[in-house]
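Subject: Handover of a structure

Dear colleague,

Please find below the structure that I am passing on to you.

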Amino acid sequence: MGRRPDGFHELVSVFQAVSLADRLTVTSHERLILTSVPFPNNLVLRAGLLAQDTVGEDLGGSFVLEKRIPAAAGLGGGSADAAAALLLLKRLWRKPFNVHRLAPHLGSDVPFFLGSATALVEGRGELVSALPSPASQCVALLRPRVELSTAEVFANLRPEEWDSGNTTKTVASLLRRSVPIPQHLLRNSLLGPALRCCAPLGRLRELLLQHGFQPHLSGSGPTMFVFIQSGEDIRKLATLAQRHDADLYQCRTIRGRPVLVRAVVARPNDPDSTSIETARR
Ligand code: C5P
């Protein structure tokens, strides 16, 4: 809705978690270490260091991160991992630190991942109000194989593209009344700057429109999402993605929590081992 004195932008946005998930596991260790397959993810270690600082003790943990959510894709994957790391360390260390207080220091999207699967997100991203989740829907995510920096997209947002936030508030009020959301209300003010910053996004978007799909930008892009009505839709999207250097992920919108503590494993030789996922499968 506009630039704030701190350089960030004032947001009014509805966030919805989907089933595409990373898996983060931690076991006790004297130092903080991270093994990440296949990409490095600094936010997990930053979350660990911040938690260590807050607790004021040199506690450790050995993380293994299995990445499936593409990085720098506008999907919040790194933020989900950071939220998961905080929740894991809270369990592993059994120390009274407040994960909600730490989350905004790791990134604007991290607080959302500590809340519920559907939420109204305001402020810089730290004001998160739970919304009732809509019925689960099949979604295709299409990611042009390029990385796009969130900071660059925000920097290219023009004042005339700032929004009143009214459409988002209408979406939130429809969700509160369990009314299905018409697709024309799914707008994203970051589409303009994302298109200016990323030519492959524009080409893929045009192609999807030509084939009768309604693509929507996820976050700051370059990933777009399309609601799927049939297996035929998925087959068509797979062909388009393959021809145009894009990755296709098929998933569902989820209810409940975006970060799911899936199991606490107590093995005889490792009583503090615990496993967490960043979304429900
Ligand atoms: O908070 P995070 O590090 O994820 O944000 C990345 C960049 O996105 C920020 O440096 C800022 O340029 C931009 N941003 C913004 N307004 C927000 C969130 C992010 O301008 N509310």
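Does Cys138 count as buried, partly exposed or exposed? Cys138 counts as partly exposed, because its relative accessibility is 22% (buried means under 20% relative accessible area, exposed over 50%, and partly exposed in between, with a 1.4 Å probe and protein chains only).

Before going further, please note that this is a predicted model, in which local features need pLDDT of at least 70 and side-chain atom pairs count only at pLDDT 80 or more, while totals for chains, interfaces and linings use all residues. Residues are numbered from 1 along each chain as its sequence is written, and side-chain values use heavy atoms, with hydrogens and water left out.

Cysteines

A disulfide is a covalent bond between the sulfur atoms of two cysteines; here the term is applied to a pair of cysteine sulfur atoms within 2.5 Å. The structure contains 0 disulfides. For Cys138, the nearest cysteine sulfur belongs to Cys251 and is 8.0 Å away. Cys197 is likewise in no disulfide, its nearest cysteine sulfur being that of Cys198, at 8.0 Å. With 21% relative accessibility, Cys197 counts as partly exposed.

Aromatic rings

Rings of Phe, Tyr and Trp (its six-membered ring) pair if their centres lie within 6.5 Å; planes under 30 degrees apart count as stacked, over 60 as edge-to-face and the rest as tilted. By this rule there are 4 aromatic pairs. One of them joins Phe15 and Phe112 edge-to-face, at 5.1 Å centre to centre and with 65° between the planes. Phe15 lies in strand E1 (residues 11–16) and Phe112 in the loop between helix H3 (99–106) and strand E5 (118–123), so the pair ties together parts that are 97 residues apart in sequence. Helices (H or I, at least four residues) and strands (E, at least two) are DSSP runs, numbered from the N terminus. Phe15 is buried at 17% relative accessibility, and Phe112 is buried at 2%. Ring pairs also link Phe15, Phe112 and Phe113 into a cluster.

Phe225 and Phe227 form an edge-to-face pair, because their ring centres are 5.8 Å apart and their planes stand at 80°. Phe225 is partly exposed at 21%, whereas Phe227 is buried at 18%.

Charges over rings

A charge sits over a ring if NZ of Lys or CZ of Arg is within 6 Å of the ring centre and within 35 degrees of the ring normal. Lys90 has its charged end over the ring of Phe97, 5.5 Å from the centre. Arg124 lies over the face of Phe8, 4.5 Å from the ring centre.

Yours sincerely
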